[in-house]
Each structure stands twice: as structure tokens, then as C-alpha cells.
Amino acid sequence: MANTSKSPGPRGQFRRAQSVAASIDHDTAEAERLRKDKTRTSNWKRWGPYLSERQWGTVREDYSADGSCWTYFPHDHARSRAYRWGEDGLLGISDRQCRLCFAPCMWNEKDPILKERLFGLVNHEGNHGEDVKECYYYLESTPTHSYMKALYKYPQSEYPYGQLVEGNRARGVNEPELELESTGVFDNGKYWDVFVEYAKKSPDDILIRLQVCNRGPAPARIHVLPTLWYRNTWIWGCKHEGCTMKPSMKKMGDGNAVICKHETLGTNYFYVKDMEEGTSPELLWTENETNTMKLFGSPQYTPYVKDAFHRYVINNEKEAVNPKPAGTKMAAHYILDIPAGGEKYICMRLTDQELQLPFEGFDDIIEQRKKESDMFYAALLTNKLSPEHIIISKQCYAGLLWKQRKLKRSALDWKHLFNRDVISMPDKWEYPWYASWDLAFHMIPFAKVDPEFAKEQLILFLREWYMAPNGQIPAYEFNFSDVNPPVHAWAVWRVYKMTAPKGSRDVLFLERCFHKLILNFNWWVNRKDPLGKNIFAGGFLGLDNVGLFDRSKPLPNGMILEQADGTAWMAFFCVTMLDMALELACHDMVYEDMASKFFEHFVAIVDAMNQMGGEGLWHEEDGFYYDHLRTPDGTSRPIRVRSIVGLIPLFACLVLEADVVQQLPGFQKRMNWFMENRKDIAISSIDKWHAHHLLAIPRMSRLKRMLEYMLDEDEFLSPFGIRSLSKKYGENPVSMESCGDSMSVSYVPGESNTYMFGGNSNWRGPIWLCVNFLIIESLERYHYFYGEDLKVRCPTKGGVEMTLREVSKELCKRVVSLFEPNKDGYRPCHGEAPLYAEDPHWNKLVLFYEYFHGDNGKGCGASHQTGWTALVSRCIYKLMEDDNSQQ
């Protein structure tokens with residue numbers, strides 16, 4: 001029988017470390033809730049922000065013949081057409097299966113429609129692709145969602161739907177987007193601040209408080225309709241998991257209480273409080289059914305349909321709502337007159353218990369949960385962070401936690417796939433679908449705030465209902481079969497190390513992931529090494545428009561693109577698997593063989609990258625790595641564009657420490673033999689210092705040449721991080737002729753000036769935090785090996801000599817400065833918008849954009865992508881740790 005003890009045993013004995021549950025190492029009420037949720041003694045995560053901010057225009061609601069999801073289900077249909085696979089709402093919540101949903105709705109008596117959901121431009125309307133055109137902010141959330149707070153800014157004047165559509169349509173790709181703030185609707189404070197708070201007394205008892213603030217100079221009226229509804233799971237005639245009988249909502253007695261009954265969710269109660277002056281809201285009732293007569297000209301089985309509240313409130317169609325207090329959708333209609341600078345509160349409670357006094361102690365419970373949230377983050381962030389860094393970090397974590405949403409998805413071309421899980425999304429409006437490489441980066445900051453969720457998400461994408469039988473990880477929902485960079489292994493390894501101290505780590509988690517990652521590694525080797533020579537392709541690899549041409553499309557005349565980034569990503573994948581195998585071999589000697597396999601495979605990949613055909617993908621004259629075009633006759637031609645593609649080889653580095661290797665005599669013996677007998681290939685990838693070895697793509701001489709470019713302010717180094725393309729190409733674009741076609745690429749520091757990949761992302765100059773973070777970590781590893789023996793000038797021209805650790809810290813500072821206010825109060829991420837610098841109701845709000853202008857740091861792309869941009873929280877923490885170590 002296997003010995004399951006974690007204590008050392010005789011060599012050769014099968015030993016396995018037991019799984020260790022990751023935990024937050026402080027004693028707070030929220031930490032205790034996390035422990036109870038982990039052990040399933042209390043289901044604290046049953047309810048959360050799992051409601052999408054956009055379900056219309058998504059691929060999962062698309063049944064069009066040509067896959068045109070934007071036009072098949074447009075925004076104008078959303079208020080009248082029932083969704084099948086999810087729901088959306090304004091800063092709302094649902095249970096984790098998105099059966100019962102809640103969200104606030106409002107009207108300023110000027111808009112043509114109720115404000116039920118966020119508005120934005122679809123791909124063909126925006127001059128830079130799809131873009132949400134609203135001002136909303138995630139302010140706080142605990143990992144169990146025991147306390148959450150968010151803010152929506154609603155204009156008192158008519159919302160400029162038409163102006164935003166036409167204004168952006170009239171602008172070209174070289175012009176900035178027309179944003180809501182630029183239309184004048186917030187001038188003179190003529191808007192409402194609507195704060196939404198959720199606090200759980202218990203896992204199924206949720207207190208909801210809306211604070212409506214009139215920021216304007218005059219009294220104003222607003223209609224607020226807190227809305228509760230069931231997702232339609234009964235009309236489709238389906239029999240798969242998740243389909244149910246029709247649920248019901250009914251009014252209870254004479255008060256403002258509703259009883260809700262659902263086949264699988266059970267019974268819930270919804271209580272609505274009168275206003276302080278004693279006025280009671282009107283309860284409105286309808287069904288969550290499509291208005292087929294309006295949309296398709298066909299009769300419906302009920303006159304009470306999804307858009308009833310819109311028609312009742314705005315069009316005064318009294319017959320639109322059900323006179324009987326019953327249905328599958330209801331709202332409490334408040335009409336609030338609020339003086340200039342005044343505010344009013346609306347209170348509700350959604351619970352699984354029938355209560356006689358639902359609002360007794362209501363505010364005290366909310367304040368208690370708020371206090372517990374503050375205590376959780378005080379323990380998490382420590383008192384060594386500056387007040388400004390705490391503001392940034394808390395909103396960063398809030399955005400990360402609010403972006404969990406329920407997903408249900410299957411696919412005809414991925415028949416095994418069945419996604420029915422809560423998943424961390426890049427953005428719940430612009431990217432309300434998962435992308436596997438985004439998610440890997442999300443889990444690094446998630447490991448700090450909710451380590452168990454981070455591990456569960458990484459395991460999930462390796463399970464058999466996600467990963468294909470051939471080992472491919474689904475890329476993203478629009479095209480599962482596309483290829484993202486293989487960073488999942490790195491995320492697993494980082495989360496493993498971050499979630500427990502050495503000696504107490506969750507080895508079972510690492511083992512589970514390692515075996516599945518072997519399948520994924522083999523898929524890459526078998527599918528993306530076209531010539532079988534360890535030079536890899538992969539297509540666009542998440543870098544969209546970085547190249548002279550669309551790298552995801554087949555090349556003409558039998559040409560092959562040999563990708564510096566594809567090959568470097570595989571070397572990174574390989575050396576990470578080696579690191580994992582060495583760790584696992586310390587618990588089970590079986591893994592020594594796998595460590596040897598990945599060691600030798602890494603050397604082979606690096607040898608090909610550095611030496612195949614003489615120089616591999618390295619260009620000795622330029623001192624940089626490039627993609628190559630290989631023709632059928634065997635000739636290879638470098639594409640001499642200095643981009644992030646040529647810096648990705650920095651990522652693949654690992655220090656093999658002597659004390660680790662000496663614990664593994666089988667691996668040590670094989671490694672020594674290999675280095676002695678295969679010097680022809682080992683020499684290009686292994687550096688030795690005393691008994692330690694550095695495995696890396698560039699050795700010191702090449703590394704220094706690469707860093708000269710990377711730290712040159714006229715090339716890659718920006719005041720805010722590393723650019724994705726050299727600034728040199730701003731005045732001197734690169735051009736190339738191939739097969740009669742002329743192609744060029746130039747430095748574009750902000751939004752894209754092409755429509756490649758939809759035109760809503762740009763890798764031709766901006767700063768992306770995902771790759772910046774990997775560069776920062778890689779420099780730390782290089783410093784661990786070279787120490788004081790390797791110093792470079794930073795910046796290259798006129799800078800001071802720094803160790804690579806000091807360079808890493810400098811890059812951290814530059815990245816963090818994107819979000820810090822300067823001496824005039826302007827945060828670079830918000831550009832030159834005076835509202836965010838001067839107005840006290842705006843200047844503490846932080847947006848975490850998808851990417852950032854390469855020169856001035858202004859946020860670009862999706863404005864709420866607190867996914868991989870949440871990595872800034874780790875940069876802040878790194879700076880704090882570094883300061884502590886120096887002290």
C-alpha cells in the first residue's frame with residue numbers, strides 16, 4: 001500500500017503529499033466565510049455578481065445562419081426578447097445558475113427607453129470596434145460577495161444614444177472615440193449617482209440598498225425600478241440540464257412582499273421597503289417572455305411580456321402589465337423627487353426565509369458587512385501600502401470579483417464541450433465570454449484574494465468537458481479552435497506557489513494539473529511544429545495585429561511562418577513543466593523521468609531557436625529575435641520588425657539550483673550525461689555558475705543586446721512600461737514585399753488604425769500589462785542567477801546602471817504610475833479628462849483598461865478589463881515587498 005505520509009521516506013518508496021486547502025492566512029470574518037465555503041459547510045458563493053452586463057449580441061445567443069451575433073440580437077431587441085442562455089442587467093446579481101436575477105432599473109423622464117442595461121456600440125458602429133458607452137464603477141467586493149458595492153452615473157438629460165452612434169460612425173480609425181463624458185451630459189453635475197450595495201446576512205439572505213444622489217444644482221425627479229425576474233428556462237421545449245417547469249412570483253398579503261417558487265432553486269421571498277415619508281412603491285408584474293408581435297409580427301400566448309415595464313412607465317400603456325400580482329418578472333416602481341445635492345435610499349431584501357420584520361436592523365447588518373470587508377482588505381493589503389495604492393488595489397480586486405459570471409455554452413464543432421460554470425471573464429460588457437489565456441493571468445491576482453477559486457478555475461479548463469480529447473484548451477468563445485499563448489501551465493505553477501508557504505503547498509492540485517497539461521503540451525508539439533524541427537507556429541497567438549499581415553491566415557505559395565513568439569511560448573511552457581516536474585519529483589520519484597523529458601525538450605527548442613540554419617530566429621546584426629518566412633525551397637527570410645514578439649523569448653528562463661538537483665539523483669545523472677554528451681545543443685541554452693544552471697533562450701551576451709532595445713525610450717521603454725512595438729516605426733514604418741503584395745507596419749501608440757481582428761485591440765505600440773508582468777518576473781529570475789554580475793543602463797541612453805532586479809522594480813513603478821494621480825490630480829489612465837482629476841465625485845474612481853497608450857498612458861480598448869490589468873495589484877505588492885526587504 002502507498003505511504004501517504006508527507007514525511008521523508010526511503011529512496012524509491014512511493015510517497016504522495018496530501019492536498020492542502022489554500023487559505024487566507026488571517027483571522028477575519030470574511031476569511032472564515034471562505035473556509036466554510038471551501039468545506040461546503042455554508043454555500044456563501046451561491047449568490048453573486050453572476051449576471052452579465054451584456055447578453056445581447058453575444059455568440060451564445062446567436063442562432064443566425066452567418067454567425068452575425070451583433071445584428072441577430074441587437075440592443076434594441078434586448079428589452080423585448082427573452083434570452084435563453086443567460087441574462088443581463090445593470091450591476092445586478094443572480095444565483096450561480098442564473099435562475100433568479102435582480103438588478104436596478106431607472107428612468108430620468110427624458111430617455112426613450114428604460115435604463116435596464118448598459119449601452120454600447122457594436123463592432124460595425126464604433127470607429128475602434130465595440131465599446132461600452134456608460135460610466136459605471138466597481139467599488140468593492142469580498143470574495144464570497146458578502147459585501148459588494150458599485151456605482152452607476154446616470155445623466156439627468158436625455159441619454160445621447162443617437163449622438164454616440166452617429167458621432168462614432170462619422171469618425172475614422174485615426175480619430176479618438178466619442179465617449180459619454182465628452183457629450184456634455186455630466187456638465188454642471190446634472191446627473192445621478194446611483195450606488196448599489198449588497199450585503200449577505202447569511203448565504204441565502206441578501207440585503208440590497210440603493211443610494212440615489214442628485215449631483216445637480218436643482219431638484220430633479222427619477223424613477224427607480226428594482227427588478228426581480230426568472231431567466232426563461234421553460235419556453236424552449238428542451239430537455240437538457242437546466243430546463244425547468246415555469247416558476248412563479250406572487251404578491252403576499254397587503255404589503256410589499258413577494259413569494260418566488262422555482263423547481264430547482266426552491267422558495268425565495270422578496271421584501272420591498274416603503275420610503276421614509278411612508279409612500280409605498282407600486283408593484284408591477286409581467287412575464288419574462290418575448291414580445292413576438294413587436295419583433296416578428298406573430299402573436300404570443302400572453303399579453304404580458306418582457307418589455308411591459310418600459311411600455312407602462314414611458315408609454316403609459318396601463319394594459320402592458322398584469323393586473324393580477326403574479327408573473328415571472330416584477331418590479332417596485334419608485335418615483336423620487338430629490339433636492340439639489342440630496343439623496344434617498346431604497347431598501348430591499350431577498351431571502352430564503354419568510355420574515356415578519358424584514359428591515360429590522362437592516363442598516364446595521366450592511367454596515368457590519370462593510371466593516372468586515374474593510375478588515376479583510378486591511379489584513380490582505382497590510383498597512384504598509386500608501387492610501388492611494390489601497391484605493392487602486394481595492395477597486396482592482398472589486399473589478400476582478402465583480403467580473404465572475406455564469407456561463408452556459410455548448411458547441412457543435414466541440415461536441416464534448418459543456419460549459420455551465422461561473423467563470424472569470426475579461427469584461428462583462430465588451431468581452432462577456434471567456435478567453436483561456438486571459439483567465440490564466442486573472443488567477444495571479446485572484447490567488448491573493450481567493451486562492452481556492454484560482455485553483456478551481458485553472459483545474460476547470462483542464463477538465464474533460466472543456467479540454468478537447470486531443471489536449472487542446474478552448475481558446476475563446478468566438479472560436480474555440482483558435483490558439484492562444486500556452487500560459488496555463490505558468491498560471492498553475494504561480495498559483496501553486498502563491499497559495500501556501502513552501503512545505504505546505506497543495507501538491508495534489510499541482511499533480512492534477514500537470515497530467516492534463518502534458519496532454520496540452522503534446523497537442524502543441526503535434527499540431528504547431530509544422531516541420532517537426534522545434535520551431536513553432538500558432539497564428540495570431542493573442543497579439544492580434546502585431547505583424548505585417550494577419551498571422552492567423554494561411555500564407556500563399558506554400559510558405560510557412562516560423563514564429564519567434566510561438567517558439568518562445570513553447571520554450572516557456574516546457575521549462576515551466578520542468579519546474580513542476582522537479583517539484584513533484586521531490587514527492588514521487590516517478591516524476592524524475594518527466595523532468596528529464598522536459599529538460600531535454602527545452603534544450604532542443606532553444607537550440608532550434610538559436611542555431612537552426614546558423615542563427616535560428618536570432619538576427620546577429622540586429623541583436624533581436626524575429627519571425628521568419630520559410631518558402632518551400634527551404635530558404636528562410638526574417639521579418640525584421642522589432643515588436644513584443646522578439647521580447648517573448650525573455651520569458652523562458654529557469655534557475656536549476658544545485659540543492660534541488662542533488663535531491664534527485666536520477667534526474668541529475670541524466671542531466672549530467674546530456675550536458676557532457678550533447679554539448680552541440682546544450683551550449684546555446686545552459687549557463688553555469690558554481691553548481692547552479694540557468695536555462696534560458698538568450699544567454700548573457702544576447703540578453704544584454706535585447707535589453708538595450710527594451711530599455712531604450714526611443715524603442716520599447718515608455719514612461720508607463722514596455723511598448724508592444726518599437727517607437728522607431730512612428731517616423732520610419734517597416735515595409736515588405738511578398739508575393740506581389742506590399743505590407744507595412746508603423747508605431748500606433750493608442751487605438752488601432754486598422755480593422756484587423758475587428759480593430760478594437762492594438763499590439764502596434766500600446767502597453768499591455770499581461771506581457772509587462774511576464775517581463776518583470778523574467779528579469780527577477782535572471783537577476784536571481786546573475787546578481788550583481790549583470791548590470792545594464794536604464795534607460796539605455798543616459799540612464800544609470802542597474803541590476804536586473806532594479807530594472808524589474810523600475811518597470812513595476814512605471815506600470816503602477818498608470819493609475820496614480822500626478823501632481824495635478826490626473827491619472828494617466830484617464831487621459832486629460834478634467835472630471836476624473838478635479839471633481840470630488842470622480843477623482844477617486846479608477847478604470848482598468850484593456851491596454852494603454854504607449855506615450856501618455858491613456859486607457860484604450862475595453863474600459864473595465866480588470867482581468868489581466870488587475871496584475872497591477874501584484875506590481876503594487878512587489879514594490880511593497882521590495883521596500884520591506886530593503887528596510
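1. Are Glu 372 and Arg 369 buried or exposed? Both Glu 372 and Arg 369 are buried (buried means under 20% relative accessible area, exposed over 50%, partly exposed in between, with a 1.4 Å probe and protein chains only). Their side chains meet in a salt bridge at 3.0 Å, N to O (a side-chain nitrogen of Lys or Arg within 4 Å of a carboxyl oxygen of Asp or Glu). The two are about one helical turn apart because they sit three residues from each other in helix 7. Glu 30 and Arg 33 are linked with Arg 369 and Glu 372 in a network of salt bridges.

2. Basis of the note. This is a predicted model: local features need pLDDT of at least 70, side-chain atom pairs count only at pLDDT 80 or more, and totals for chains, interfaces and linings use all residues. Residues are numbered from 1 along each chain as its sequence is written, and side-chain values use heavy atoms, with hydrogens and water left out. Helices (H or I, at least four residues) and strands (E, at least two) are DSSP runs, numbered from the N terminus.

3. Nine strands form an open sheet with antiparallel pairing, in the order 7-8-9-10-19-15-14-13-17 (two strands pair if DSSP finds at least two bridges between them). Strand 7 (135-141) and strand 17 (326-327) are the edges, each pairing on one side only. Six bridges join strand 7 to strand 8 (residues 147-155). Tyr 137 stands opposite Leu 151 in strand 8.

4. Helices on the sheet. Helix 7 (residues 362-381) lies across strands 7, 8, 9, 10 and 19, and runs at about 90° to strand 10. Helix 8 (residues 387-402) packs on the sheet too, touching strand 7, strand 8 and strand 9. Its direction makes about 100° with that of strand 7. Axes are lines fitted to C-alpha atoms, for helices over the stretch in contact (heavy atoms within 4.5 Å), and angles run from 0 to 180 degrees between N-to-C directions.

5. Glu 140 forms a salt bridge with Lys 394, the closest N and O atoms being 3.6 Å apart. Glu 140 is in strand 7 and Lys 394 in helix 8, 254 residues apart. Glu 140 is buried at 6% relative accessible area. Lys 394 also counts as buried, at 16%. The model has 59 salt bridges by this rule.

6. Cores. The largest nonpolar core has 193 residues (a set of buried Ala, Val, Leu, Ile, Met, Phe, Trp, Tyr and Cys residues joined through side-chain atoms within 4.5 Å). Leu 578, Phe 599, Met 710 and Phe 819 touch the most other members. Helix 13 (residues 564-585) gives the most to this core, with 16 residues. A second, separate core of 69 residues includes Cys 105, Val 224, Leu 228 and Val 321.

7. Helix 11. Nine of the eleven residues of helix 11 (residues 488-498) are buried, so the helix is largely enclosed by the rest of the structure. Among the buried residues are Trp 490, Trp 493 and Arg 494. The buried residues pack against helix 9, helix 10, helix 12, helix 13 and helix 19.

8. A buried loop residue. Leu 650 lies in the loop between strand 26 (636-638) and strand 27 (653-656). Its relative accessible area is 2%. Beyond its neighbours within four places in sequence, Leu 650 contacts residues including Met 710 and Tyr 782.
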